[in-house]
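This report looks at contacts between side chains. Please view the sequence and the model before reading on.

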Amino acid sequence: MTSPSRLAVLASTALCLTAAHLGTQASPTNTLPRLLAQADVAELSIEQLGNIPITSVSRREETLAGAAASVFVITADDIRRSGATSLAEVLRMAPNLDVARADTNQYAISARGSNRVLANKLLVLVDGRTVYSPLFSGVYWEAQELLLADIERIEVISGPGGTLWGTNAVNGVISVTRRSARYGAEPLVSVGTGTHDTEIAARTGGRLGDSGGWRVYARKIRRDDSRLADGAPGVDAHRGVQAGFRADWQWGRDRLTLQGDATGSDIDQPPEPRRVSGANLLARWSRQFDDGDELRLQAWYDRADRRQEIGTAGFRDRLDTFDLELQHALRQGRHRLVWGAGYRETRDRAQNFGALALIPQQRTLHWANVFVQDEIELREDLALTLGLRYETNRYVSPELLPTARMAWRVTPEHMLWGALSRAARAPSRIDREYYSPAIDPLLRGGPNFGSEIADVLELGYRGQPTQGTSLSVTLFRQQYRGLASIEPDGSGGFVFDNGVEGHTDGIEAWSSTQLSPRWRAHAGLTLLRQDLRVRPGYVAFTGISDRGDPRHWWTLRSSFDLTPRHSVDVSLRHVAGREVPAAKSYTALDARLGWQATPQVNVMLALQNLLDSRHVEWPVGAVPVEHTRGAFLRLRWTP
């Protein structure tokens, strides 16, 4: 743990270095293609940012300004200027996400409510590979330790994505895209340390003939124990390593990608550390035809090992997942079609302890799907999108996930859109096959537990009200059926069931403004109102669990270039209080100072929680973790 005196030295050193060099001139500029491929998006205008290509809304490339959905894009430059050291912390920049840190490793992240540490209605993809666990349909965020410098963009969609992405894309989709290696990779050495984190990372790459490129990276991190409200250490320090590679080729119309990652972490937890490890390998081939059609085939394999021992309540599990997907995008007259099919198999091998059990211990799960979506150009300024997905899984009848969207381009700068969609969260192993304890269980999975269903209405606006300003506003209602509850089983125990229903209403809005050539400001606001209730004939013994969602949260960000080599970024966010678990509202101020000392050396100082000495974001246990002030100083060298 870094001492307060060390923090003061880090802060004063970086401030003095920055002040001493404010007059230094800039390094050479970049061309527009490199702006998009590298991290120089700050040089683009608001109008150019609206033309950044995205793919997660319609599974084909389109501009952000033309996407008929509530989608926010975090660019590579946003990530660089955030000062964040983890993917979960980067996601705080998305105004349509509720991000709460429970301890050093665990996060509660969701969109449009239903948040909790193991939130299960948000689908997360990394380079097209889903990273949720079929054990509970959520994401272990402590296992998603990516090299942030390799990320090209993060597309955050709030709202249903079931038609294109399948079950679990109920409240939103997060799609992380890392840069292609076709042109190699700029060598990088990064060293950082601070009050809470220490990080060492390296990357290199090169060309593969005239048609391809490669890169490899390695990263080692340490995160110190959190602090509890009573001043004691949280005993949750994290030590992790990750390494990976990527290779990309293009021959004429054909493109090929091969990539993989391996990771391993030890997380302190009494009486024995929690150990998380895994590896993945992905291959993707695509062909672009003369008429603009595209055919793509993708396959990936993922292994995840988790060992968590808490006395008799320990748990060990190994998951092996294989996924195969075919997609075809084509245009026929006024129709822009995307269709595809996929198959996934997961082999789960659990080792049961007495207090917690999955029965049977070994289970092979299968998913299969076909989908089609057609964007029909009714007029030059009016488009109708119709889509349907048919998906099968082991536990419930096949799911039908339809969507209908209308987009009206009122003027070239203003678009109105609306959508009706159905999404589902399919049962997981925990929902159906959990027992605690293994013999004569007090709590068990529900043999009849079905899918959680959401019928969603959205109305939105996206445009540029004035030159240099972009605005997105979305109104939504999500009508839920069959949300999870815990019910009496009639024999003195309890069982998981679908005993809650209701709706969530809200508004999501964000704006970016170019105040001057060197100054850009961002603002975001989400309002949330929920009305959940027990279904007739059910008890919902645990009550309505979704009261953990704040009624509102807002963010303000400022990005200012003092000189071509010095930058200052400030982020202010406010989150309303939570009822269950109880947490007071808080306002946090973070700042980042950046200095391009030479064309090869960059220095960054990030300061966190400048307004208050500590606050609670998501209470876990009798004594919650408090998040304190901190600083992180990083040196990056690109030889």
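## Arg112 and its partners

In this predicted model, Arg112 and Glu508 form a salt bridge, with their closest N and O atoms 3.1 Å apart. The two residues belong to distant parts of the chain: Arg112 is in the loop between β5 (107–110) and β6 (122–126), while Glu508 is in strand β29, 396 residues apart. Both Arg112 and Glu508 are buried.

Arg112 also has an aromatic neighbour: it lies over the face of Phe476, at 4.0 Å from the ring centre. A charge over a ring is found at Arg59 too, whose charged end sits 4.0 Å from the centre of the Trp165 ring.

## Other salt bridges

Side chains of opposite charge can pair when their charged atoms come close. The whole structure holds 58 salt bridges. One of them joins Arg92 and Glu617, at 2.9 Å from N to O. Arg92 lies in the loop between α5 (87–90) and β4 (98–101) and Glu617 in the loop between β35 (614–615) and β36 (625–628), so the bridge ties together parts 525 residues apart in sequence. Arg92 counts as buried at 13% relative accessibility, and Glu617 is buried at 3%.

Arg153 and Glu155 form another salt bridge, with 2.6 Å between the closest N and O atoms. Both of these residues are buried.

## Aromatic pairs

The search finds 5 aromatic pairs in the whole structure. The ring centres of Phe72 and Trp510 are 5.6 Å apart and the planes stand at 85°, so this pair is edge-to-face. Phe72 is in strand β3 (residues 70–75) and Trp510 in strand β29 (residues 494–516), 438 residues apart. Both Phe72 and Trp510 are buried.

Methods:
Residues are numbered from 1 along each chain as its sequence is written. This is a predicted model: local features need pLDDT of at least 70, side-chain atom pairs count only at pLDDT 80 or more; totals for chains, interfaces and linings use all residues. Side-chain values use heavy atoms; hydrogens and water are left out. Rings of Phe, Tyr and Trp (its six-membered ring) pair if their centres lie within 6.5 Å; planes under 30 degrees apart count as stacked, over 60 as edge-to-face and the rest as tilted. Helices (H or I, at least four residues) and strands (E, at least two) are DSSP runs, numbered from the N terminus. Buried means under 20% relative accessible area, exposed over 50%, partly exposed in between (1.4 Å probe, protein chains only). A charge sits over a ring if NZ of Lys or CZ of Arg is within 6 Å of the ring centre and within 35 degrees of the ring normal. A salt bridge is a side-chain nitrogen of Lys or Arg within 4 Å of a carboxyl oxygen of Asp or Glu.
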